[in-house]
Amino acid sequence: MKALKTIFLVVMVGHLAGAQTATKDQILFLTPQWEGERFEDGRPKVADDILERLKGVSIEEAWGVLRNEGYHNQFEGGWKLLHDDVPIVGRALTVQYMPDRPDVSDQIKKKGKEDGQLGNTNSWPIDMLVEGDVYVADGFGKIVDGTLIGDNLGNSIYAKSKNGVVFNASSRDLEGLSKIEGFNAFVRDWHPSFLTGVMLESINTTIRIGAATVLPGDIVLGKKEGVVFIPAHLAEKVVVTSEVVRLRDLFGIGKLKEGKYTPGQIDNKWSEEIEKDFSQWLKDHIDDLPVPKEQIQELLKKRTW
């Protein structure tokens, strides 16, 4: 079995050297724990309602759930944001760029032309975007001459994905990009130069963004603190866990303000009395809480108090 896996990986890498875009079988191989719907290209298709609910999840909550599941390398900080107050939530379309090497880049361009690709190579991933995608690219941290997009490509990205970008590289045209309502960009820096000395190496393969490993179809959660890349099969768990924590925090803070319980009671393991009070509070406020009513009902079914 080990030998077969090794052969499969060799074939996989060999195929990518020619095509540069991962096949459906390769993406299935990388994401076996995802059991839900997929895009035609094989990427996991986490449901839109989960994406919407993820907007209310904090970076710390998502990071904590992933750490508990054994995923220790899914956060990356140190970004320059186009907007501090516009979160990015969506499904990753991953792209790998590398320092240009003419013999390789000539082959990539030749193969792309044979496959019907148009324009410069940094526009090819944009043509593949669908609504809800986030264009995630490793541009090896290049700033000067490492500007993967300007405002023209930014407008195209938003038109296709209604979302933003995460680049381990730079971007240009900050002023123009900032006028795209709803668009955000997490980049290493801004620079007026044009993209040069860079070649497209692969699309929809595993990439490294700083300290994080990112797979195609991962859920990107980007906020002020940084970006968490959530494996698709854990997205719903992150949402549900976060919503429970949020409800308990709302209850606890409210009861502290009322003076009903002391900080020591709320900050420690809750007594049976407090747990019963929490259950009743959920029932009394089910229509007013910032969590879907159906989720609260599911939570109440599982509670023993």
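Ala, Val, Leu, Ile, Met, Phe, Trp, Tyr, Cys and Pro count here as nonpolar, Asp, Glu, Lys and Arg as charged, and the others, Gly among them, as polar. By that scheme, the lining of the largest pocket in this predicted model has 11 nonpolar, 11 polar and five charged residues. The protein chain has 305 residues, and buried residues make up 47% of them. Its secondary structure comes to 12 helices and 13 strands.

**Overall layout**

- Taken along the principal axes, the C-alpha atoms of the protein chain fill a box of roughly 70 × 55 × 30 Å.
- Counting contacts in the protein chain between residues at least 6 apart in sequence, 72% join residues at least 24 apart.

**Largest pocket**

- The space in the largest pocket is about 540 Å³.
- This pocket is lined by 27 residues, and N120, T121, N122, L195 and T196 are the closest to its centre.
- At least two lining residues come from each of α5 (102-114), α7 (151-161) and β9 (198-203).

**Second largest pocket**

- The second largest pocket holds about 350 Å³ of space.
- Its lining has 17 residues, with K55, V89, G132, K162 and N163 nearest the centre.
- α3, β3 (88-99) and α7 each give at least two residues to the lining of the second largest pocket.
- By class, this lining has six nonpolar, five polar and six charged residues.

**Nonpolar cores**

- The largest nonpolar core has 26 residues, and Y97, Y135, I157, V165, F167 and F183 have the most contacts inside it.
- Two or more residues of this core come from each of β3, α6 (124-128), β4 (133-138), β5 (165-168), β7 (185-187) and β9.
- With four residues, β9 gives the most to this core.
- A second, separate core has 20 residues, among them W34, L51, L66 and L221.
- I157, a member of the largest core, touches I126, L129, Y135, I149, K162, N163, G164, V165 and F183, leaving out residues up to four places away in sequence.
- Of these contacts of I157, K162 and N163 are also among the residues nearest the centre of the second largest pocket.

**Helix α12**

- In helix α12 (residues 293-302), the buried residues are Q295, I296, L299 and L300.
- Those buried residues line one face of the helix, because they fall within an arc of 140° when seen down the axis of α12.
- An α-helix has 3.6 residues a turn, so residues three or four places apart point the same way.
- E294, K301 and K302 are exposed on the other side of α12.
- The packing partners of the buried residues of α12 are α3 (48-54), α9 (235-258) and α11 (272-284).
- One of these partners, α3, also supplies lining residues to the second largest pocket.

- G197 lies in the loop between β8 (189-190) and β9.
- G197 counts as partly exposed because its relative accessibility is 37%, and the partly exposed class runs between under 20% for buried and over 50% for exposed.
- Apart from neighbours within four places in sequence, G197 is in contact with M98, P99, D100 and K142.
- From C-alpha to C-alpha, G197 and Y135 are 21 Å apart in space, and they are 62 residues apart in sequence.
- Y135 is one of the residues with the most contacts inside the largest nonpolar core.

Methods: Residues numbered from 1 in each chain as written. Predicted model: local features only at pLDDT ≥ 70, side-chain atom pairs only at ≥ 80, totals over all residues. Heavy atoms only, no water. Buried < 20%, exposed > 50% of the residue type's maximum accessible area, 1.4 Å probe, protein only. Arc of directions from axis to C-beta. Contact = heavy atoms within 4.5 Å. 1 Å grid on protein atoms, 1.4 Å probe; cavity = no way out; pocket = protein on both sides within 12 Å on 5 of 7 lines; lining within 4 Å. Points joined across faces, edges and corners; volume = space filled by probe spheres on them. Core = buried A, V, L, I, M, F, W, Y, C linked by side-chain atoms within 4.5 Å.
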